[in-house]
Amino acid sequence: MRPPAAGGRPPGSVRARASRTRPADTRPPTPSTARTAPRRTTDSTPAPARTDTAAPTPRVPAQGSRPAVIPQPLPTDVFADLLVAVLSGHRPVHSMLRHTRGRAYDELAWLAERGPLRTRGTRPVVRDIGWCEPRPGAIEAFARIGAGDRLRAMAFRLELGQDLRWRCTAVELGGPRPPRQESD
């Protein structure tokens, strides 16, 4: 048995280790801390006194400049969040009426009725999204959904309409599938 460390803590405790080490400063040097050589003048006038205590002047964009471009979320990100909100019960199914086409709304209603992503306590979140484009104007995507220590998979298909809006045309979640009705 090893003798106790300073402070009466066991030798392998987190606090005993934390008190001995400090994190390394990996930040890049700032202009006020960067060292530069003193200026040399050729005439006999002395160089003006340097004041390092003055804060650097903040850079402000000119008045007529273009605003910064705000990145727009991908349609896969938007639809994954919408579908998770519906399947977890945080949004009503009818909120997806204008975002779905074909049998996708019926599939979504059938899945939401069973509440596959409803959990107590932890709200489900989209952990990862992957997608492929089988043809222009169509995206097949999958999402990994985490709620606490549980991980689920969801697949969905998006198609670009003539009005240039994305709509969900299929939704699948692990587990039982909705019964298919034969179309005549």
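**View 1. From the N terminus on, the elements of this predicted protein model run α-α-α-β-β-β-β.** The secondary structure comes to three helices and four strands. Helices (H or I, at least four residues) and strands (E, at least two) are DSSP runs, numbered from the N terminus. The model is predicted, local features need pLDDT of at least 70, side-chain atom pairs count only at pLDDT 80 or more, and totals for chains, interfaces and linings use all residues. Residues are numbered from 1 along each chain as its sequence is written, and side-chain values use heavy atoms, with hydrogens and water left out.

**View 2. The surface of the protein comes to about 14900 Å² of accessible area.** Carbon and sulfur atoms hold 54% of this surface. Areas come from the Shrake-Rupley method with a 1.4 Å probe; for residues, only the protein chains shown count as cover. Of the 184 residues, 25% count as buried (under 20% relative accessible area, 1.4 Å probe, protein chains only).

**View 3. Helix 2 (residues 75-87) meets helix 3 (residues 104-114).** Their axes come within 8 Å and cross at roughly 45 degrees. Axes are lines fitted to C-alpha atoms, for helices over the stretch in contact, and angles run from 0 to 180 degrees between N-to-C directions. The two helices are therefore oblique to each other. Angles under 35 degrees count as roughly parallel, over 145 as roughly antiparallel, 65 to 115 as roughly perpendicular and the rest as oblique. Helix 2 makes the contact through Leu83, Val86 and Leu87, and helix 3 through Leu108, Leu111 and Ala112. Contact means heavy atoms within 4.5 Å.

**View 4. The largest nonpolar core has 24 residues.** Such a core is a set of buried Ala, Val, Leu, Ile, Met, Phe, Trp, Tyr and Cys residues joined through side-chain atoms within 4.5 Å. Among those with the most contacts inside it are Leu83, Leu87, Leu108, Phe156 and Cys168. Helix 2, helix 3, strand 2 (138-147), strand 3 (150-160) and strand 4 (166-173) each supply at least two residues. Helix 2 gives the largest share, seven residues.

**View 5. Cys168 and its partners.** Leaving aside neighbours within four places in sequence, Cys168 is in contact with Phe79, Leu83, His99, Thr100, Arg101, Ala104, Phe156, Arg157 and Leu158.

**View 6. Thr76 sits in helix 2.** Thr76 is buried, with a relative accessible area of 2%. Not counting residues up to four places away in sequence, Thr76 touches Ile129, Trp131, Ile139, Ala141, Phe156 and Leu158.

How values were computed:
Buried means under 20% relative accessible area, exposed over 50%, partly exposed in between (1.4 Å probe, protein chains only).
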